[in-house]
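Hi,

Here is the structure I promised to pass on. Have a look at it first, and then read my notes below.

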Amino acid sequence: MSAWDFYTPFLEAVPDIPVRRALSHRAAFVQTDQGAGIAAIPEEHRGAKTHERLVGASLRDVAQLVTSWDPVESALGTAAINSHVNTADLARRFPTSSIFTEAHHLTAGKRTVMIGHFRGQLACFGHADLTILERRPQPGDLPDQAAEYLLPDAQIVFITGMTFTNKTLPRLLELSANALTILVGPSAPYAPEAYRGLVDIVAPTVVTDPDSAYDLISGGASMRKLRPAFSQFIADLRPAGSQPPLSWQEGGVSVNHCEVSGRPG
């Protein structure tokens, strides 16, 4: 299977319906009459743009932009996919909390790799053997090319949803085949069949207030400030009874209420 094949089920799921609004700033936003989706944009590519050319276009065609090597176009493609698959009912079907509240017990004593520097979440990994990989490393991080060497031996891997947009996710999942893999953030689409055998837990975002999200993004709001407009949910894609359990599952332990702030991509 080629890396492009990974994206096929996501693109095939998107219907041929018109886009109502499209916007990019610090995040990409795409809305139809059926829902809205968002995706993070790398810091060096942020800037306000309304993308009027996409209004009225087929959502299916806009979703194809995820294959673009332009970071903003690719984020718009991800947002288009998310507008269809990350639906409001998911926030009613699954637990709505931050996956990072589960991190304390999931990662304790485990070789854990965090792909993307999740600001504000590090207190949740206090008992993990933690390595952070980052495209723009902060002090203490390793560059993301270290993934080729570290992921095959990792036990737990937290992956930012931005890797779906920048097209590194297929390779990262291949390298993480022996680990518990957790895909996190507003850029992560919910597509359980597409992730089968590749992603164990996915923690995406549902836009619950599209008008507020549009206004906040157009004003340059950070992901953290977008919180009132969306909700995160947690979907465990593993077979029933898999170990370790999450806090609400049989045998699960109470979550450690570490300080959680901000939002990953």
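**What I found**

Let's start with arginine 238, where a polar atom of the side chain lies 2.8 Å from the backbone oxygen of proline 244. The backbone oxygen of glutamine 243 is also within reach, 3.3 Å from a polar atom of that arginine 238 side chain. A polar contact is a pair of N or O atoms within 3.5 Å; within protein, one must be able to donate a hydrogen and the other to accept it, and residues adjacent in sequence count only if both atoms are side-chain atoms. Arginine 238 belongs to the segment after strand S12 (235-236) (strands are DSSP runs of E, at least two residues, numbered from the N terminus). Arginine 238 counts as buried because its relative accessibility is 10%, and buried means under 20% relative accessible area with a 1.4 Å probe, protein chains only.

Before you go on: this is a predicted model, where local features need pLDDT of at least 70, side-chain atom pairs count only at pLDDT 80 or more, and totals for chains, interfaces and linings use all residues. Residues are numbered from 1 along each chain as its sequence is written, and side-chain values use heavy atoms, with hydrogens and water left out.

Now the rings. Rings of Phe, Tyr and Trp (its six-membered ring) pair if their centres lie within 6.5 Å; planes under 30 degrees apart are stacked, over 60 edge-to-face, and the rest tilted. How many aromatic pairs does that rule give? The count is 16. One of them joins phenylalanine 6 and tyrosine 7, edge-to-face, at 5.3 Å centre to centre and 85° between the planes. Both phenylalanine 6 and tyrosine 7 are buried.

Why is the pair of phenylalanine 125 and phenylalanine 158 edge-to-face? Their planes are at 80° and their centres 5.1 Å apart, so the pair gets that label. This pair links distant parts of the chain, 33 residues apart: phenylalanine 125 is in the loop between strand S4 (111-115) and strand S5 (129-134), and phenylalanine 158 is in strand S7 (residues 156-160). Phenylalanine 125 counts as buried because it is at 3% relative accessibility, and phenylalanine 158 because it is at 0%.

Ring pairs also link Trp4, Phe6, Tyr7, Phe10, Trp69, Phe164 and Tyr195 into a cluster.

Cheers

Technical notes
Buried < 20%, exposed > 50% of the residue type's maximum accessible area, 1.4 Å probe, protein only. Helix = DSSP H or I, 4+ residues; strand = E, 2+ residues; numbered from the N terminus.
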